[in-house]
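Biologist: I have the model open and want to go through a few features. Can you show it and start with the charged pairs?

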Amino acid sequence: MFNRKRRGVIERTLAGISEALENTLFTEDIARRPGLLQGLDARVKVVAVVALLVAVSLSPGLAVIAGLYLFTLFLAWRSQVPLGFFVRRVWLFLPFFTGIVVLPVLFITPGPPLLTLLPGLSVTRTGLQAALFLLLRVGTSVSYAILLILTTPWATLLKALSVLRVPDAVIVVLGMTHRYIFLLLHTANEMFLARQSRVVGRASPADQRRWIAATIGVLLGKSFHLSNEVYLAMLARGLRSTPRTLEPFRLRQRDWAWGSALLALALAAIVIGRTA
């Protein structure tokens, strides 16, 4: 196997596409496991997660937000979600993207200096606390959203959004977008494999860039042509904007109990965070 540093653009792109497809199959497998959240009604999960996200957003207490994050780990464990996979999925890229926003906070927030990097440039204690608070709040919110997605089949989750009064047209567009993104990923993967099987030796960086640009153009044309064909096929089959699933929603006693408990937890987090 080639060393990672020596692999070309095509090899890295192939690896990225294959990893995306594998992660999708893995997450669908998690959604069908006999776990805690998988056994709850999707509408209950959507309402409970929205309430917990509101609690995370409104609570000014760092300890309360940390407790809510630990609760996501408990839910992931009871739902048979691999904790290592779950934590990496949240925190692998979160510090990078959120760090761009919080980095200036370390220096511009007034407070006692904690670390002096340059004359006139110091990390303040207040700035560090504010940055950690923002990172934890964003990480906790993303954790709840990812946990909802991992434990609910995509079609069922989209249908459950109707409890939030999301328009049916938006739900249908989201469903079609999700489905055909992976179809185009599969097409791109086949194109890269075909290219790789017909190349002897290593192409120059300029040739690789030209081929990548041509591939992007072909995929754009395919996606535009496919969207027209799919739309015409849906009209021919009597398109209705209301999403449907094979399994109808049915609230059970367990759903009411867990839904009430999660809503009570969200309310308690808001009250404790405001009064602490």
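Modeller: Asp-41 is buried because its relative accessibility is 5%, buried being under 20% relative accessible area, exposed over 50% and partly exposed in between, with a 1.4 Å probe and protein chains only. This is a predicted model, in which local features need pLDDT of at least 70, side-chain atom pairs count only at pLDDT 80 or more, and totals for chains, interfaces and linings use all residues. Residues are numbered from 1 along each chain as its sequence is written, and side-chain values use heavy atoms, with hydrogens and water left out.

Biologist: Which residue forms a salt bridge with Asp-41?

Modeller: Arg-43, with the closest N and O atoms 3.1 Å apart. A salt bridge here is a side-chain nitrogen of Lys or Arg within 4 Å of a carboxyl oxygen of Asp or Glu. Arg-43 is partly exposed, at 25%.

Biologist: How many salt bridges in the whole structure?

Modeller: The search finds 2. Arg-252 and Asp-255 form one, at 3.3 Å between the closest N and O atoms. Asp-255 is buried at 1% relative accessibility, and Arg-252 is partly exposed at 36%.

Biologist: New topic. Which residues of helix 8 are buried?

Modeller: Ile-171, Gly-175, Thr-187, Ala-188, Asn-189 and Phe-192. Helices are DSSP runs (H or I, at least four residues), numbered from the N terminus.

Biologist: And what is the average pLDDT?

Modeller: It is 78, and 83% of the residues score at least 70. Over residues 1-6 the pLDDT is below 50; pLDDT is the predictor's confidence in each residue, from 0 to 100. Where pLDDT is low, the predicted coordinates should not be read in detail.

Methods: Contact means heavy atoms within 4.5 Å. Helices (H or I, at least four residues) and strands (E, at least two) are DSSP runs, numbered from the N terminus.
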